[in-house]
Amino acid sequence: MDALIEKLKGQIIEQLNLAEVKPADINPDAPLFGDGLGLDSIDALELIVLLEKHYGIKIQNPADGKKIFESVRTMAQFIKDQGKS
Amino acid sequence: MELNITSYCTIKNKIIFVNGKELSVPKQDVASYFFADAYKHLEINYPKFHKMDNLSKLGIIATEAALKGSDFLQRNSPESVAIILSNKASSLDTDRNYQNSINSKDNYLPSPATFVYTLPNIVIGEIAIKHKITGENAFFVSDGFDPQLLVNQAQISLNQPGTKAAICGWVDYDNGMADALIYLVEKASDSIKNINFNPLNETILTQFYK
């Protein structure tokens, strides 16, 4: 799980062009939106693209997004639960 | 109505000039490196910059350079500032990037972050958001730099009640070529009488753009 979290941090930085953020700056339990990384609605769509591009996962129910994208850890857990890690 | 240019920035061949003086930003042939160096040099500190397309980066860099050292935004409240820009290539550079992301059926991964920049007036939005500017705005696409159009539009805009000043100019980016002239327009008043300014007219704009 830790290895997946670290890999995911790098992929998020690349996908979202977070040029001034390093993997170590991202707390895996901090909220991705709002106070955490301060992501916006377009970033949310990019995270959906990231899951499809790197893990072949399509989010079937958009309502699940809020829970999946709560933090890097919840994203990693979702990927693991899908058997794609 | 007398309108004046109180500060301006030109970017030609990836060299930045502010009020005619060259900034000591390292020469870079690659646009992304040039924008990154200019961002650092101008101490912009606005992480969203890195997510923007090249046209918006060019607009932000030229605007920040023109504003740096100017009290334009202190003299003029955000709701009284208009933004009037123009270019030739529209958002073609980003349009191509987006097209490339959807060309292949086997690798069909359109990027929402790219798609949102497939309109040229987004650069106005980025400048407005950064400085919380809420005045009126317009973006014109023309065959080439058109000083008459820009002067006329500034006059029309600044004739509106509530509009006191404007960020105007030319912001063109295509295939790695960055070409910009951003200038700050203010009505003649006591608040600018002690600073160096130029009258807004076609001759001056042509001279600045060269």
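1. How many helices and how many strands does chain B have? In this predicted model, the secondary structure of chain B comes to eight helices and eight strands. The radius of gyration of the chain is 17 Å, close to the 17 Å that the globule rule gives for 210 residues, so chain B is as compact as a globular protein of that length.

2. The C-alpha trace of chain B spans about 65 × 35 × 30 Å along its principal axes. Of the 210 residues in chain B, 38% are buried. Among contacts in chain B with a separation of 6 or more, 71% are between residues 24 or more positions apart.

3. Helix α2 of chain B covers residues 54-67. From first C-alpha to last, its 14 residues reach 20 Å, close to the 20 Å expected at 1.5 Å a residue. Because 14 of the 14 residues of α2(B) are buried, the helix is largely enclosed by the rest of the structure. After α2(B) comes Gly69(B), with a positive phi near 80 degrees.

4. The largest nonpolar core holds 51 residues, and Ala62(B), Ala66(B), Ala166(B), Tyr183(B) and Val185(B) have the most contacts inside it. Helix α2(B) gives the most to this core, with eight residues. Apart from this core lies another, of 17 residues, including Leu18(A), Phe69(A), Met75(A) and Ile79(A).

5. Not counting residues up to four places away in sequence, Tyr183(B) touches Ile5(B), Tyr8(B), Ala66(B), Cys168(B), Gly169(B) and Phe208(B).

6. The contact between the chains takes 10 residues from chain A and eight from chain B. On the chain B side, these residues divide into five nonpolar, two polar and one charged.

Definitions and conventions
Residues numbered from 1 in each chain as written. Chains lettered and ligands numbered in written order. Predicted model: local features only at pLDDT ≥ 70, side-chain atom pairs only at ≥ 80, totals over all residues. Helix = DSSP H or I, 4+ residues; strand = E, 2+ residues; numbered from the N terminus. Expected span 1.5 Å × (residues − 1). Buried ≥ 20, exposed ≤ 12 C-beta atoms within 10 Å, placed from the backbone. Core = buried A, V, L, I, M, F, W, Y, C linked by C-beta atoms within 7 Å. Contact = placed C-beta atoms within 7 Å. Nonpolar A, V, L, I, M, F, W, Y, C, P; charged D, E, K, R; others polar. Rg over C-alpha atoms; globule rule 2.2 N^0.38 Å.
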